Amino acid sequence: MTDVERARRIVDAINAAQPDLVLLPGDFLAGHGGDEPLPIETMAEVLGRLKAPLGVYAVLGNHDWWHDGARITHALSAQGIVVLENDAVPLPGRELWVVGIGDHSTGHSRPDRALSRVPAGAPTLVLMHDPASLAGMPRLAAPAPVLTVAGHTHGGQVWVPGYGAPIVPGAAPRTWAYGWIENRGRRMYVTSGLGVSILPVRLNMRPEWVLFE
């Protein structure tokens, strides 16, 4: 959860970094349906200001589905953001594919379907909301994903030195709350995200947007 002015500042900072493409791992609104902090069309308009020559890609999170997944998809798409719900698309003029896996905690995760359109051996960027989807990803012919990213956990919002996050939402192991994760030879980065959920608290877990080089 964040406000519009902060979102605008974050978009400006991302644009200033001149990324080749932008990946948005979901939860564009907080709370449940009927408890809308601001219209998704307003937030989508802010996110629509993101600039990247290879495009801006998104998946929906659990909060998005609790509000209205179809409405949020329409609002983001209207701003030129490509929403990948268990789908994949090639980057313009590249052999590299972007794969979007649906949210695990709301029952929308279909890794097999998401990867079925990717040609065998094609390099991929894999985007998912809930890191729990990593455990269900099928093995692909080489090469391995160039990058796999997830959100959802907020890094637990509280990080205890020497222990990690005491509580992590969803089905992913507690040790998958934040940072680089390894599972069956696959590597994934779980971001702490930019907002908060349930309680407006962060302790030893800073919000972030991440620039990969």
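His 129 touches Pro 25, Gly 26, Asp 27, Val 59, Leu 60, Gly 61, Asn 62, Ile 101, Asp 103, Ala 150, Gly 151 and His 152, leaving out residues up to four places away in sequence; contact means heavy atoms within 4.5 Å. This is a predicted model, in which local features need pLDDT of at least 70 and side-chain atom pairs count only at pLDDT 80 or more, while totals for chains, interfaces and linings use all residues. Residues are numbered from 1 along each chain as its sequence is written, and side-chain values use heavy atoms, with hydrogens and water left out.

**His 129**
- His 129 sits in the loop between β6 (124–128) and β7 (147–150); helices (H or I, at least four residues) and strands (E, at least two) are DSSP runs, numbered from the N terminus.
- With 1% relative accessibility, His 129 counts as buried (buried is under 20% relative accessible area, exposed over 50%, partly exposed in between; 1.4 Å probe, protein chains only).

**Nonpolar cores**
- The largest nonpolar core has 25 residues, and Leu 24, Phe 28, Leu 47, Leu 50 and Leu 76 have the most contacts inside it; such a core is a set of buried Ala, Val, Leu, Ile, Met, Phe, Trp, Tyr and Cys residues joined through side-chain atoms within 4.5 Å.
- At least two residues of this core come from each of α1 (4–16), β1 (22–24), α2 (40–47), β2 (56–58) and α3 (62–78).
- Apart from it lies another core of 19 residues, including Trp 176 and Met 188.

**Arg 184**
- Arg 184 is in the loop between β8 (179–183) and β9 (186–190) and is partly exposed, at 46% relative accessible area.
- Arg 184 and Leu 134 are 50 residues apart in sequence and 9.6 Å apart in space, C-alpha to C-alpha.
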